[in-house]
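Some terms used for protein structures rest on cut-offs.

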Amino acid sequence: GAKTVMLEEFTPQAALALIEKLGARGYTVVPARAGCGVDGAWETGNISGAFQMVMVVVIADAAIADRIVEQAFKLLEQYTAIVYVSDVQVVRGGQF
């Protein structure tokens, strides 16, 4: 089956390189403008986007997704980042 891996972070470049290196066929980067978590509510007010939080969404084969998660933890432990994983049913499987 397939899995969705979502990474929320400020510096996605290293994670994107990792995702490509591990064989995922694609990803989507989505800006995260506001949220609330254990540290309370936050909102980006930075016009330049220099400190923009993003969400990276990857849908991949379960084995690739597991490798991404395993290596992402090593990569992201020095940053403020969140990793989500869930099973997903892909309707157009040829795309992934």
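This is a predicted model: local features need pLDDT of at least 70, side-chain atom pairs count only at pLDDT 80 or more; totals for chains, interfaces and linings use all residues.

Residues are numbered from 1 along each chain as its sequence is written, and side-chain values use heavy atoms, with hydrogens and water left out.

Q: Why are α1 and α2 called roughly antiparallel?
A: Helix α1 (residues 13–21) and helix α2 (residues 62–76) pack at an angle of about 155°, and their axes are 10 Å apart. Angles under 35 degrees count as roughly parallel, over 145 as roughly antiparallel, 65 to 115 as roughly perpendicular and the rest as oblique. The pair is therefore roughly antiparallel. The crossing of α1 and α2 is right-handed.

Q: Which residues of α1 and α2 meet?
A: Contact means heavy atoms within 4.5 Å. From α1 come Ala-14, Ala-15, Leu-18, Ile-19 and Lys-21, and they meet Ile-68, Gln-71, Ala-72 and Leu-75 of α2. Of the residues in this contact, seven are nonpolar, one is polar and one is charged. Ala, Val, Leu, Ile, Met, Phe, Trp, Tyr, Cys and Pro count as nonpolar, Asp, Glu, Lys and Arg as charged, and the others, Gly among them, as polar.

Q: Why are the buried residues of α1 said to line one face of the helix?
A: Buried means under 20% relative accessible area, exposed over 50%, and partly exposed in between (1.4 Å probe, protein chains only). In α1, Ala-15, Leu-16, Leu-18 and Ile-19 are buried. Viewed down the axis of α1, these buried residues fall within an arc of 160°, so they line one face. The arc is that of the directions from the helix axis to the C-beta atoms. Gln-13 and Lys-21, on the other side of α1, are exposed.

Q: Why does Glu-20 count as partly exposed?
A: Glu-20 belongs to helix α1. Its relative accessibility is 48%, so Glu-20 counts as partly exposed. The C-alpha atoms of Glu-20 and Ile-68 are separated by 9.6 Å, with the two residues 48 residues apart along the chain.

Q: What makes Thr-28 partly exposed?
A: A relative accessibility of 44% is why Thr-28 counts as partly exposed. Thr-28 lies in strand β2 (residues 28–32). Leaving aside neighbours within four places in sequence, Thr-28 is in contact with Met-55, Val-56 and Val-57.

Technical notes. Axes are lines fitted to C-alpha atoms, for helices over the stretch in contact, and angles run from 0 to 180 degrees between N-to-C directions. Helices (H or I, at least four residues) and strands (E, at least two) are DSSP runs, numbered from the N terminus. A crossing is left-handed if the near helix is turned anticlockwise from the far one by less than a right angle, and right-handed if clockwise.
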